[in-house]
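Keep the sequence and the 3D view side by side as you read.

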Amino acid sequence: MPALMLAVCYVLAVPTGPAMVLILFAALPTASAAHVLASVYGANRQPVATVIAQSTLLGCLTLPLWLWLLFYFYLLMIVVEVLLELFEFVVIQLITYVLLN
């Protein structure tokens, strides 16, 4: 799910901050309230409990990986933005210098 959300955010050009939040939420395990809802509405609780347990165990393994990837992705985006602003500043200074001399 987080990889799918990453692709959707990329295709829709979602800004970095909201994209990171969406990807992180997609990496979280299934809410345990699903078991209560299945019980209230008379659904079979065993498959729901199995899915909750599996997603929680899988989340324990994959969530740290996604946090690490998002952290370095965010750092990379900051570095790229700073470099682009620096490049823009240098180009403006060069154009100003050429026009004034």
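Does L6 count as buried, partly exposed or exposed, and at what relative accessibility? L6 counts as partly exposed because its relative accessibility is 39%; here buried means under 20% relative accessible area, exposed means over 50%, and partly exposed lies in between (1.4 Å probe, protein chains only). You will find L6 in helix α1, residues 2-11. Helices are DSSP runs of H or I with at least four residues, strands are runs of E with at least two, and both are numbered from the N terminus. Between the C-alpha atoms of L6 and V79 there are 20 Å, with 73 residues separating the two along the chain.

A word on the ground rules. This is a predicted model, in which local features need pLDDT of at least 70 and side-chain atom pairs count only at pLDDT 80 or more, while totals for chains, interfaces and linings use all residues. Residues are numbered from 1 along each chain as its sequence is written, and side-chain values use heavy atoms, with hydrogens and water left out.

Now step back to the whole chain. The protein chain has four helices and zero strands, and its elements run α-α-α-α from the N terminus on. The radius of gyration, taken over C-alpha atoms, is 22 Å, well over the 13 Å that the globule rule (2.2 Å times the number of residues to the power 0.38) gives for 101 residues, so the protein chain is more spread out than a compact globule. Along the principal axes, the C-alpha atoms fill a box of roughly 80 × 25 × 15 Å. Of the 101 residues, 15% count as buried. Taking contact to mean heavy atoms within 4.5 Å, 51% of the contacts between residues at least 6 apart in sequence join residues at least 24 apart.

Follow the chain past α1 and you reach A13, in the loop between α1 and α2. Most residues other than glycine have a negative phi. A13 has a positive phi of about 55 degrees although it is not a glycine. A13 is exposed, with a relative accessible area of 61%.

Next comes T16, in helix α2. T16 counts as buried at 18% relative accessibility. Apart from neighbours within four places in sequence, T16 is in contact with F73, Y74 and M77.

Which residues make up the largest nonpolar core? They are M20, I23, A27, L63, W66 and L70, six residues in all. Such a core is a set of buried Ala, Val, Leu, Ile, Met, Phe, Trp, Tyr and Cys residues joined through side-chain atoms within 4.5 Å. Helices α2 (16-27) and α4 each supply at least two residues of this core. L70 touches M20, I23 and L24, if residues up to four places away in sequence are not counted.

Finally, look at L65 in helix α4, residues 45-100. L65 is partly exposed, with a relative accessible area of 44%, and its C-alpha atom is 9.8 Å from that of A27, 38 residues apart along the chain.
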